[in-house]
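Hi everyone, thanks for having me. Please bring up the structure on your screens, and we'll walk through a few spots together.

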Amino acid sequence: MRMTKKVTALAMTAVLTASALVGCGGNDTPNGQTTTNAGTTSGTKTSTYTGAAPVTEEAGTVSMLAMNSWYSTVDLSKDAMILDEIQKRANVTIDWNLIDPTIYADTVSPMLAAGTDLQDIVLLPDLDSNMSYIKSGMFIALDEYFDSMPNYKKFLEANPDIKAALTATDGHIYYVPQTVVTNNYQPCMMINTRWLEKLNMEEPKTLDEFVEMLRAFRDNDMNGNGDATDEIPMSVTSAYLPYLFGPAFGLDLVSGFYADDNGTVHYAYYEAENYKAYLEFLKGLYDEGLLEMEYTSLNRDQITSRCAQDITGVTFDFSWQMSTLYSAQFADYNGTEGIFKGVAPISGEYTGYYVGRTPVSGIFGVTKNSGNVELAVKFLDYIMGEECQDLYVWGLKDVTYTETADGNREYLPRCSEDTVWYQQLGINAPCMPSQQSVPATDVLLAKWHVEVDKELEQYIKAPFPAVYATEEEASIISLYLVDIQTYVEQMNVAFISGNSDMSTFDSYLTTLKNMNIEELIKIKQDQYNRYMEAYK
């Protein structure tokens with residue numbers, strides 16, 4: 001069964017519910033075959049398609065292998081109004097093969113391994129970070145067809161980070177991406193503003209001010225229930241502690257590997273001084289009871305319950321949860337003023353920031369043996385254009401949205417009142433490349449929430465980029481990285497809880513060195529250099 005989600009949750013994960021806002025290379029493909037520019041594998045064809053509908057004058061059919069809706073009661077291959085409108089405008093009929101998202105990878109991976117009888121366009125089950133599918137010669141190099149892809153060329157020129165991430169080691173670009181927002185609605189610290197107001201305290205800007213605030217939350221009857229012992233000053237899952245504190249120590253512990261201002265790559269958990277200082281700080285919180293003993297098992301449901309009881313003062317989560325989850329737990333919350341609100345990151349010796357997400361969340365390729373390459377390429381390009389993305393995000397005027405007097409858009413009430421109907425339309429469906437829209441997310445949220453998110457945007461920093469690995473790099477990474485990450489996670493908890501004394505930290509570093517972390521750092525440096533070269 002596919003899980004059922006509310007419209008706001010889907011809008012976050014599929015369009016967040018940001019923005020609706022070149023590659024180059026030779027003719028040699030990885031397996032030594034040669035293709036011709038802007039044509040099919042059998043010869044060059046002149047294209048009259050310029051990026052706008054229709055894609056083809058003569059009606060055509062393109063087959064697609066992709067995910068179905070996350071709603072178990074919705075089948076996007078049947079009567080999806082928005083998807084039908086896209087096909088109508090393009091003059092292209094889609095022959096769908098849509099698979100349940102919960103089993104997509106397990107179903108599609110064997111199909112790709114067999115490499116036969118595939119659809120013209122395929123949503124890959126992963127990001128092909130090791131270029132396994134590229135090396136198989138299964139997918140065409142799209143940059144060799146860019147004369148037929150004006151929308152995609154424009155998109156890549158406007159997003160050099162995505163272009164760099166999609167550039168394979170041979171210099172070609174093989175995939176069209178689904179993207180997520182990267183500067184809005186990202187993970188951030190949220191504080192119970194009523195508790196701050198009660199104490200007449202300002203939002204903390206430094207680590208020292210943060211600790212002072214936590215102590216005040218712990219030691220006072222913040223919820224006014226007459227019990228000064230039931231307050232839990234901070235409720236942050238172990239996964240989000242690196243987001244919250246790492247930057248104040250000059251560390252991107254979220255990505256693990258990071259590049260400094262000089263372009264030199266480091267492994268944050270192998271930094272002798274800064275990582276040790278980070279661990280000592282967290283151990284201090286733990287020893288003082290400001291970081292709870294069972295922090296490693298804390299989950300979002302528990303935090304939500306604490307908010308409903310008004311017994312906690314700080315959490316950390318995606319900004320989206322500010323109004324939709326945490327503030328909403330208070331019975332008197334009316335949407336006009338936030339209770340749990342996002343605040344600026346805290347700083348230590350280093351200026352704080354928040355780590356965002358990598359933009360690419362999924363990739364679509366055109367199979368080399370489809371026999372329908374040129375039409376498939378053009379159709380993918382049309383989907384990447386502004387007209388199609390606008391349809392994909394907003395739907396149809398007066399059906400799913402209306403325009404206000406000032407020209408802004410709002411979803412019509414039925415979109416939130418009838419979620420099955422909304423999803424069956426095909427808005428933000430996972431079966432086509434889509435670029436998430438910040439404006440389409442803003443209209444779903446309280447005004448105060450949108451204003452806070454725009455203020456936090458200045459603090460977002462991109463994570464270490466996702467880069468394709470060569471065969472040799474992939475082999476070394478698979479040999480060492482998992483064991484290293486497992487050891488790092490174990491020792492992180494051991495140092496913070498005091499099960500391992502900080503006097504053994506040098507031994508920890510030596511163990512990482514013996515586990516070949518420096519060889520991995522060198523590989524990540526090479527990958528980062530390739531990324532920066534492709535970024536130009």
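Let's begin with a charge and a ring: Lys461 lies over the face of Tyr353, 4.6 Å from the ring centre. Before we go on, please keep in mind that this is a predicted model.

Now for rings that meet other rings. When we talk about two aromatic rings, we give the distance between the centres and the angle between the planes. Searching the whole structure turns up 32 aromatic pairs. Take Tyr152 and Phe155: the ring centres are 6.3 Å apart and the planes meet at 20°, so this pair is stacked. How far apart along helix α5 are these two? Tyr152 and Phe155 are three residues apart in that helix, which covers residues 150-158, so about one helical turn separates them. Both residues are buried. For another arrangement, look at Tyr286 and Tyr295, an edge-to-face pair with 6.3 Å from centre to centre and 75° between the planes. Tyr286 and Tyr295 are buried too.

Next, a sheet. Strands in a sheet pair through backbone hydrogen bonds, and they can run parallel or antiparallel. Here we have an open sheet of three strands, in the order β10-β7-β11, with antiparallel pairing. Which strands stand at the edges? They are β10, residues 314-318, and β11, residues 340-342; each has a single partner strand, so one side of each has no neighbour in the sheet. From one strand to the next, the twist averages 35°. If you zoom in on β7, residues 187-192, you'll see that it pairs with β11 over three bridges. Across from Met190 you will find Gly342 of β11. There is also a helix packed on this sheet: α8, residues 207-219, touches β7 and β10, and its direction makes about 120° with that of β10.

On to the cysteines. How many disulfides does the structure hold? The count is zero. Cys188, for example, is in no disulfide, and the nearest cysteine sulfur belongs to Cys307, 13 Å away. Cys188 has a relative accessible area of 1%, so it is buried. Cys388 is in no disulfide either; its nearest cysteine sulfur is that of Cys431, at 10 Å. With 1% relative accessibility, Cys388 counts as buried as well.

Leaving out residues up to four places away in sequence, Thr400 touches several others, among them Trp394, Tyr411, Cys415 and Trp421. Asp398 lies in that loop as well, but at 55% relative accessibility Asp398 counts as exposed. Asp398 also has a phi near 70°, a positive value in a residue that is not glycine.

Asn516 is another non-glycine residue with a positive phi, about 75°. You can find Asn516 in the loop between α20 (505-514) and α21 (517-535). With a relative accessible area of 27%, Asn516 is partly exposed.

One last stop: the peptide bond from Ala53 to Pro54 is cis, with omega near 0°. Pro54 sits in the loop between β2 (43-44) and β3 (60-67).

Conventions
Residues numbered from 1 in each chain as written. Predicted model: local features only at pLDDT ≥ 70, side-chain atom pairs only at ≥ 80, totals over all residues. Heavy atoms only, no water. Contact = heavy atoms within 4.5 Å. Phe/Tyr/Trp six-rings, centres within 6.5 Å; stacked < 30°, edge-to-face > 60°. Helix = DSSP H or I, 4+ residues; strand = E, 2+ residues; numbered from the N terminus. Buried < 20%, exposed > 50% of the residue type's maximum accessible area, 1.4 Å probe, protein only. Lys NZ or Arg CZ within 6 Å of the ring centre and 35° of its normal. Pairing = 2+ DSSP bridges. Axes fitted to C-alpha atoms, helices over the stretch in contact; angles between N-to-C directions. Disulfide = S-S within 2.5 Å.
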